[in-house]
Amino acid sequence: LGDGALLLDYAQAYLARQVPTYELVLPVPEDCEFRDDKVDILETAELGEEMIFTLLAGQDPPQELLATLRLLGLKGKDAFLLESVFRREAWGFCQAPISMDNEREMCEAMLGSARAALEAMGGAEAAGAWERTKLDSREAVAAFVRRSEARVLTSFAEWFSTRLQDLSKLEYYQEKRLKDLNLLDASGQSTYSEADDVW
């Protein structure tokens, strides 16, 4: 459980916990494009319409979270992966970057959400409040939770910010697919002029 959940559910927080946590609840939006297909794929992966992920400060986001975000972001030219012929493989495809647009939108959305959450909890003040309270007070417990969650969210935002800067360095589904079919030359250029027809 995240520190916030511990405080709410058990009226306590593990003050000595070395790695701060944050509980992220991620539902599939009702207005999500191709919602039924995406929910079907999530259920095939033994997930549901609302998922809970525990984030840890200083660690990469869970791979399952990244895959879920890529799946939920599938649209436009990437939506072909939702076709029934790919149904069993779709979740596996989402374990790696699908396209630059998909990865960029995922990063921008998570970066914006993390910054909004930090602002809502007081930003840097939330992290500093811990030092201004007595360790045995209720205020200290609340300040500890805010400080812990602020640290996690800051780490989370930094990861996605770095990811945004590295988009051009990533290998995406189409490139990987072409390599698997030996349709890329030594310089990484396609040897097939109508590569889209491969799919």
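Mentor: First, the labels. Helices are DSSP runs of H or I with at least four residues, strands are runs of E with at least two, and both are numbered from the N terminus. Also keep in mind that this is a predicted model.

Trainee: Fine. How many helices and strands does the secondary structure come to?

Mentor: Eight helices and two strands. From the N terminus on, the order is α-β-α-β-α-α-α-α-α-α.

Trainee: What is the mean pLDDT of the protein?

Mentor: The mean is 82, and 73% of the residues reach 70 or more.

Trainee: Which elements have the lowest and the highest mean pLDDT?

Mentor: Helix H6, residues 124-129, is the lowest at 51. Helix H3, residues 63-72, is the highest at 97.

Trainee: And how should I treat the low end?

Mentor: Where pLDDT is low, predicted coordinates should not be read in detail.

Trainee: Switching to burial. What share of the residues is buried?

Mentor: Buried residues make up 42% of the 199 in the protein. The accessible surface is about 11,600 Å², and 48% of that belongs to carbon and sulfur atoms.

Trainee: Let's look at H5. How many residues does it have, and how far does it reach?

Mentor: H5 covers residues 100-120, which is 21 residues. From first C-alpha to last it reaches 30 Å, close to the 30 Å expected at 1.5 Å a residue.

Trainee: Which residues of H5 are buried?

Mentor: Asn102, Glu103, Met106, Cys107, Met110, Leu111, Ala114, Ala117 and Leu118. Seen down the axis of H5, these buried residues fall within an arc of 155 degrees, so they line one face of the helix.

Trainee: Which residues are exposed on the other side of H5?

Mentor: Glu119 and Ala120. Glutamate 119 has 67% relative accessibility, so it counts as exposed.

Trainee: What comes just after H5?

Mentor: Glycine 122, with a positive phi of about 105 degrees.

Trainee: Which residues other than glycine have a positive phi?

Mentor: Phenylalanine 34 is one, with phi near 60 degrees. Phenylalanine 34 lies in the loop between strand S1 (21-27) and H2. At 35% relative accessibility, phenylalanine 34 is partly exposed. Glutamate 46 also has a positive phi, about 65 degrees. Glutamate 46 is in the loop between H2 and strand S2 (50-56). Glutamate 46 is exposed, at 74% relative accessible area.

Trainee: Why flag those?

Mentor: Because most residues other than glycine have a negative phi.

Trainee: On to charges. How many salt bridges does the count come to?

Mentor: Nine. Side chains of opposite charge can pair when their charged atoms come close.

Trainee: What does arginine 87 form a salt bridge with?

Mentor: Aspartate 37, with the closest N and O atoms 3.2 Å apart. Arginine 87 is in the loop between H3 and helix H4 (90-93), while aspartate 37 is in helix H2 (residues 35-44), so the pair ties together parts 50 residues apart in sequence.

Trainee: Is arginine 87 buried or exposed?

Mentor: Buried, at 17% relative accessibility. Aspartate 37 is partly exposed, at 27%.

Trainee: What does aspartate 166 form a salt bridge with?

Mentor: Lysine 169, with the closest N and O atoms 3.5 Å apart. Aspartate 166 is partly exposed, at 24%. Lysine 169 is exposed, at 65%.

Trainee: Last one. Which residues are linked in a network of salt bridges?

Mentor: Glu30, Arg35 and Glu49.

Definitions and conventions:
Residues are numbered from 1 along each chain as its sequence is written. This is a predicted model: local features need pLDDT of at least 70, side-chain atom pairs count only at pLDDT 80 or more; totals for chains, interfaces and linings use all residues. Side-chain values use heavy atoms; hydrogens and water are left out. The expected span of a helix is 1.5 Å times one less than its number of residues. Buried means under 20% relative accessible area, exposed over 50%, partly exposed in between (1.4 Å probe, protein chains only). The arc is that of the directions from the helix axis to the C-beta atoms. pLDDT is the predictor's confidence in each residue, from 0 to 100. A salt bridge is a side-chain nitrogen of Lys or Arg within 4 Å of a carboxyl oxygen of Asp or Glu. Accessible areas come from the Shrake-Rupley method with a 1.4 Å probe; for residues, only the protein chains shown count as cover.
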